[in-house]
Each structure stands twice: as C-alpha cells, then as structure tokens.
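Hi,

Here is the structure I said I would pass on. Have a look at it first, and then read my notes below.

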Amino acid sequence: MNWDHLQDWEQDEGPVKIKVFDQDVLLYFPYNHDAILTVKSIEGAEYAAHDKSWTLHVTEENMRDVVGVIADLEQIFVEAEIKEKADQQRRIDIAPLVLEKLQRRFEHRHLILDAEDEWITVSFPYHQKSL
C-alpha cells in the first residue's frame, strides 16, 4: 500500500501537532487525561517521555481508528478551551465578591487587598524589623 498520503496529516498549528515518518504518526499535545485515554485506545500506541510525544503505527487495519483518534483529539482540545474560557470568566465574575468579603474580614491599615481580572492580590508594606 502507498503511504504517501499520510504526509497530508501533518500539522504544526493548534494544540495537537502531528508529524509523519513512514507509517508512524507522532502526536504532540499538552497533558489532558481524556486525550491520553483516547490515544491509548489504539493498540501499540507508545509514549516517548524524552519529547512528550505519542507514536501510532498506522496499518491498513487501524487507519480508520487513527483518523478517528486524531479527530477526537481535536474535539477534546476545542472543548477544553471552551471550558477554560468559561472557568476564567466565572473567576473574573466572582473576584469582586470574594474581595468584598476579604476586605470586611481582614481590615488592617497596612493590608491592601485588590482584584485584578480573576486574581485577588494582597500587598503590605515591607519593614525589615517585622521580619
């Protein structure tokens, strides 16, 4: 079988990077538990710790499964990005409420509490004798 068409699978953009060498497809992606389980569904999937990649050996028998795994990985990371943006917005929305409660509970003339985006910051003057 001619495996030249596998080269069309290569991609350097997005969270899932794909490199092709002969009949091997190398996948690079950030840690995601669901993505790892998806890749492990391909028999013979091997993880290389030195470059944090997964290798899938493509055969006539598993080609459709490999194509399915790549599509599933793309979907997993799209959904992860949507979830992260929603989580970030939720943190931004609650930061002023958390700040208000902290300011009421920890009133002190030298303690400054503030909210920036989704972060609560605490600052106080530095005084060497107090260390």
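The side chains of Arg 90 and Asp 87 come together in a salt bridge, with 2.4 Å from N to O. By salt bridge I mean a side-chain nitrogen of Lys or Arg within 4 Å of a carboxyl oxygen of Asp or Glu. Please keep in mind that this is a predicted model: local features need pLDDT of at least 70, side-chain atom pairs count only at pLDDT 80 or more, and totals for chains, interfaces and linings use all residues. Residues are numbered from 1 along each chain as its sequence is written, and side-chain values use heavy atoms, with hydrogens and water left out.

Back to that pair. Arg 90 and Asp 87 both sit in helix 2, 3 residues apart, which is about one turn of the helix. (Helices are DSSP runs of H or I with at least four residues, strands are runs of E with at least two, and both are numbered from the N terminus.) Are the two partners buried or exposed? Asp 87 is buried, at 17% relative accessible area, while Arg 90 is partly exposed at 48%. The cut-offs here are under 20% for buried, over 50% for exposed, and partly exposed in between, using a 1.4 Å probe and protein chains only.

The search of the whole structure turned up 7 salt bridges. As a reminder, side chains of opposite charge can pair when their charged atoms come close.

- Glu 81 and Lys 85 meet at 3.4 Å, N to O. Both lie in helix 2 (residues 63–105), 4 residues apart, or about one turn. Glu 81 is partly exposed at 47% relative accessibility, and Lys 85 is exposed at 52%.
- Glu 100 and Arg 104 meet at 3.2 Å, N to O. This pair is also in helix 2, with 4 residues of spacing, about one turn of the helix. Glu 100 is partly exposed at 43%, whereas Arg 104 is exposed at 53%. Elsewhere, salt bridges with shared partners link Lys 83, Asp 87 and Arg 90 into one network.

Ile 94, Leu 97, Val 98, Ile 120, Val 122 and Phe 124 make up a nonpolar patch on the surface, with about 550 Å² of accessible area together. Patches are built from residues with over 30% relative accessible area and no salt bridge; like charges are joined within 9 Å, and nonpolar side chains (Val, Leu, Ile, Met, Phe, Trp, Tyr) within 5 Å. The areas come from the Shrake-Rupley method with a 1.4 Å probe, and for residues only the protein chains shown count as cover. Helix 2 and strand 6 (119–123) each supply at least two residues of the patch, and helix 2 gives the most, with 3. Val 98, in helix 2, is partly exposed at 36%.

Now the strands, which count as paired if DSSP finds at least two bridges between them. Strand 2 (residues 24–28) and strand 4 (residues 53–57) run antiparallel and are joined by 5 bridges; Leu 27 has Trp 54 as its bridge partner in strand 4. Strand 3 (residues 46–48) also runs antiparallel to strand 4, through 3 bridges, and there Glu 46 partners Thr 55.

Which residue in the turn of the hairpin of strand 3 and strand 4 has a positive phi? That is Lys 52, at about 55 degrees, in a turn with 4 residues between the strands. Most residues other than glycine have a negative phi. Lys 52 is exposed, at 58%. Asp 117 also has a positive phi, near 50 degrees; it is in the loop between strand 5 (112–116) and strand 6 and is exposed at 58%.

Finally, the whole chain. There are 2 helices and 6 strands, in the order β-β-α-β-β-α-β-β. The radius of gyration is 24 Å, well over the 14 Å that the globule rule gives for 131 residues, so the chain is more spread out than a compact globule. (That radius is taken over C-alpha atoms, and the rule is 2.2 Å times the number of residues to the power 0.38.) The C-alpha atoms fill a box of roughly 75 × 35 × 25 Å along the principal axes, and buried residues make up 26% of the 131 residues.

Cheers
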